Amino acid sequence: MTAPLIEAANLEVGFGGGKIKAVRSVSFTLGREKLGIVGESGSGKSTVGRAIMRLLPPTARVVADRLRFQEIDLLTASNRDMVHVRGRRIGLILQDPKYSLNPVMRVGEQIAETYLQHYPAAGGKAAARARVLEMLNAVKIRDPERVARLYPHEISGGMGQRVMIAMMLIAEPEVMIADEPTSALDVTVRLEVLSLLDELVTRRNLGLILISHDLNLVRRFCDRVIIMYAGRIVETLAASQLGEARHPYTRGLLASLPSIDHKVSRLPTLKRDPSWIDAVETNS
Ligand SMILES: Nc1ncnc2c1ncn2[C@@H]1O[C@H](COP(=O)(O)OP(=O)(O)OP(=O)(O)O)[C@@H](O)[C@H]1O
Ligand SMILES: [Mg+2]
């Protein structure tokens with residue numbers, strides 16, 4: 001087996017001087033695969049992603065037996081090392097491109113700037129421009145020359161997310177973390193953007209962490225799925241094995257999914273059992 005791209009062992013993240021335990025003894029590895037992290041709001045999904053990127057506020061307390069990205073120890077790496085990891089080696093896509101793009105800069109210039117920042121010796125502006133058009137093509141934007149000249153407010157949400165993906169891919173990262181990348185998009189656009197992401201990740205042989213509260217979506221696009229509840233991993237399963245999930249929380253999630261064949265007017269409310277937290281606790 002090849003070495004994992006990311007490795008976390010007993011990752012814990014606390015806020016508020018330890019009052020909030022956002023992430024509790026989370027362990028997983030990421031290879032060149034598509035790994036989903038699913039769980040309800042507040043279960044700690046984004047905090048795991050931010051811990052890897054070292055983007056948590058200074059008030060957060062992060063401890064782990066191991067937290068590594070390839071040869072880099074993310075617990076002890078200097079901020080300078082992290083500048084090289086963030087964006088260049090691990091790309092992050094967030095929910096709403098509107099907040100991640102600079103509103104007063106043309107889309108093409110922003111992607112070019114990212115490129116020059118990561119590859120300052122790669123042939124300057126002309127090379128960057130050519131690369132930008134190539135990337136806009138790669139994310140299936142039909143008229144890249146025209147789109148490159150637009151400002152963020154002139155493009156749709158779906159196109160904005162494609163631009164974000166282009167901007168991230170231009171740095172040629174090895175891992176991408178997509179945190180609810182399509183939650184702000186409507187259904188048809190959502191599937192288009194995800195298929196695109198899927199294709200790019202597969203073709204470039206990257207590792208992808210797809211964070212979402214939508215089990216159906218993650219099941220469809222990922223190879224493996226981590227299910228989080230109250231800061232813990234309750235179960236990790238191959239997407240194809242989700243039907244055989246054992247944990248009552250996962251089973252509850254599966255049972256509450258609307259399916260195309262069985263129309264349900266209301267989703268059943270999940271019955272929670274306080275023992276879910278304790279049960280996992282005793283295992284670790
Ligand atoms: N900066 C912060 N300060 C204090 N508490 C925080 C901070 N960031 C996250 N938390 C808390 O940590 C817990 C996990 O939050 P996180 O954002 O990781 O959840 P999530 O699973 O991504 O939820 P969502 O689906 O709503 O995005 C929550 O209880 C949240 O309130
Ligand atoms: Mg989140």
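A polar side-chain atom of serine 41 lies 2.5 Å from an oxygen atom of ligand 1, a pair that counts as a polar contact, that is, N or O atoms within 3.5 Å. This is a predicted model, in which local features need pLDDT of at least 70 and side-chain atom pairs count only at pLDDT 80 or more, while totals for chains, interfaces and linings use all residues. Residues are numbered from 1 along each chain as its sequence is written, chains are lettered from A and ligands numbered from 1 in the order in which they are written, and side-chain values use heavy atoms, with hydrogens and water left out.

**Ligand 1**

- The residues surrounding ligand 1 include Phe15, Ile20, Ala22, Glu40 and Pro57, together with Ser41, Gly42, Ser43, Gly44, Lys45, Ser46 and Thr47, a residue being counted if one of its heavy atoms lies within 4 Å.
- This shell divides into four nonpolar, six polar and two charged residues, where Asp, Glu, Lys and Arg count as charged, Ala, Val, Leu, Ile, Met, Phe, Trp, Tyr, Cys and Pro as nonpolar, and the others, Gly among them, as polar.
- Strand 2 (20-30) and helix 1 (45-53) each supply at least two residues of the shell, and helix 1 gives the most, with three; helices (H or I, at least four residues) and strands (E, at least two) are DSSP runs numbered from the N terminus.

**Helix 4**

- Helix 4 (residues 107-118) has 12 residues and reaches 17 Å from its first C-alpha to its last, close to the expected 16 Å, which is 1.5 Å times one less than its number of residues.
- Its buried residues (under 20% relative accessible area, 1.4 Å probe, protein chains only) are Val107, Gly108, Gln110, Ile111, Ala112, Thr114, Tyr115 and His118.
- Among the elements covering these buried residues are helix 5 (124-138), helix 6 (144-148) and helix 7 (157-169).

**Positive phi values**

- Glutamine 70, in the loop between strand 5 (66-69) and strand 6 (72-73), has a positive phi near 45° although it is not glycine, and is partly exposed at a relative accessible area of 27%, in the range between buried and exposed (over 50%).
- Glutamate 172, in the loop between helix 7 and strand 8 (175-179), has a positive phi near 55°, and is partly exposed at 42%.

Terms used:
Contact means heavy atoms within 4.5 Å. A polar contact is a pair of N or O atoms within 3.5 Å; within protein, one must be able to donate a hydrogen and the other to accept it, and residues adjacent in sequence count only if both atoms are side-chain atoms.
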